[in-house]
Amino acid sequence: MKTYLVTGAAGFIGANYLKYMLTKYNDVRIIVLDALTYAGNLGTIAPDIDDERCFFVKGDICDRDLADRLFGEYKFDYVVNFAAESHVDRSIENPQLFLMTNILGTQNLLDAARRAWVTGRDEQGYPVWRKGVRFHQVSTDEVYGSLGADGFFTEETPLCPHSPYSASKTSADMFVMAYCDTYKMPVTITRCSNNYGPYHFPEKLIPLIIKNILEGKKLPVYGDGSNVRDWLYVEDHCKAIDLVVRNGAEGEVYNVGGHNEKTNLEIVKLTIATVHRLMTEKPEYREVLKRKDKDADGNISIGWINDELITFVKDRLGHDQRYAIDPTKITEALGWYPETRFETGIVKTIEWYLTHQDWVQEVISGDYQGYYERMYGKR
Ligand code: NAD
Ligand code: TDX
């Protein structure tokens, strides 16, 4: 039985990882630590919390006493740190929060792990670590900065973050590596490209576009829509993290990417076309549309779901032009590859949103409207 501390598992990727792990393994015990910020939703993981294999603790990764108490109580084998402020646009509004959670929070967990996991000193004075423990940091391709038209990020690409978000994630990565170099702490890092899939908070591009279509609203594309992201289905990311935590080499970084580069404009157009196609094939999906114009036959019309919904809005400040991952290392070392083709993943994702509107309403019941007005009102 392995015991995991999984932070941030009430958010998008963490929740998918939690569900994946509980389905795949019987012999795991997972303690979730999550502060339930605007991005965390307990309802997403409530069905998974059984107080036998999965426990939930509401709390901040910056809280030293809480971290010490959890490490003392549960004897973790692995820490998987998803908890973060994760939205670039919000980091432009309030950088300091990103430093607090992403840097200080990560460092607090590293220290708590050090206090709990070190069993002695070797003859050179280096800490001796409990056998089999591992601290895994979930990081991002954004730490590498931005690419031009050619090339890919490898693990050797120099770190060159631009946004307050990516600067904070880079700093956290460097602390993780500093603990490895200085204390010989057993750590791994994965740096992943843009994820998409179920439970994605609807202020990120793909779920925001789906939500706006269903509400009959305009679809905001920043700048000219030529920025490129490398999209990965979230379950493929979860599989990569599981492989790296269990079999990755200590002190190593692994890039995780989808071989699926698309411009934002392509993503938005593809999402429009897929929603339209699904609603043509299964007319019952039209019931979730807020705009219920009727066609000549009295059916809910979908003729208006087309590219004319797109509106080009003011660009993001310091908007990185292109991200693209070279995942050769994780493929060769651990046999991982992006299993889900984008054409399949985007259909699964859109159908999930069409059939989980209750989840969308639940997660936007807080300050979502205020956020939307602030971000898009001024664009
Ligand atoms: P998310 O914003 O959906 O979820 C973050 C979770 O962390 C939420 O549940 C939130 O409540 C929790 N959290 C925030 N601050 C906390 C704190 N101080 N203490 C405890 N919990 C806190 O994020 P996500 O998209 O699921 O991303 C998860 C991780 O993966 C992040 O570290 C992010 O940097 C990284 N990442 C994300 C992507 C992506 O495409 N979304 C890609 C690469 C890497
Ligand atoms: O309304 C929008 N219009 C638009 O054109 C939004 C919300 C985004 N965009 C653009 C900006 C980006 O080029 O779409 C692209 C994707 O934007 P986001 O979904 O905000 O993601 P991004 O900024 O690329 O960052 C995401 O992937 C890397 C995650 O939020 C990060 O946590 C992760 O590290």
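Q: Which residues come nearest to ligand 1?
A: Ile13, Asp34, Ser86, Tyr165 and Lys169 come nearest, out of 28 residues around ligand 1. A residue counts as near if one of its heavy atoms lies within 4 Å of the molecule. Before we go on: this is a predicted model, in which local features need pLDDT of at least 70, side-chain atom pairs count only at pLDDT 80 or more, and totals for chains, interfaces and linings use all residues. Residues are numbered from 1 along each chain as its sequence is written, chains are lettered from A and ligands numbered from 1 in the order in which they are written, and side-chain values use heavy atoms, with hydrogens and water left out.

Q: What makes the pair between tyrosine 165 and ligand 1 a polar contact?
A: A polar contact is a pair of N or O atoms within 3.5 Å; within protein, one must be able to donate a hydrogen and the other to accept it, and residues adjacent in sequence count only if both atoms are side-chain atoms. A polar side-chain atom of tyrosine 165 lies 2.6 Å from an oxygen atom of ligand 1, so the pair qualifies. Ligand 1 also has a nitrogen atom 3.3 Å from a side-chain N or O atom of threonine 101.

Q: How do you know how much of ligand 1 the protein covers?
A: Accessible areas come from the Shrake-Rupley method with a 1.4 Å probe; for residues, only the protein chains shown count as cover. On its own, ligand 1 has 840 Å² of accessible area, and the protein covers 96% of that.

Q: Which strand gives the most to the shell around ligand 1?
A: That is strand 7, with 3 residues. Strands (E, at least two residues) and helices (H or I, at least four) are DSSP runs, numbered from the N terminus.

Q: Which polar contacts does ligand 2 have on its oxygen atoms?
A: Among them, a backbone N or O atom of serine 86 lies 2.8 Å from one oxygen atom, and an N or O atom in the side chain of glutamate 142 is 2.9 Å from an oxygen atom. A polar side-chain atom of arginine 229 lies 3.0 Å from an oxygen atom of ligand 2. The protein covers 94% of the 650 Å² that ligand 2 has on its own.

Q: Which strand gives the most to the shell around ligand 2?
A: Strand 10 does, with 3 residues.
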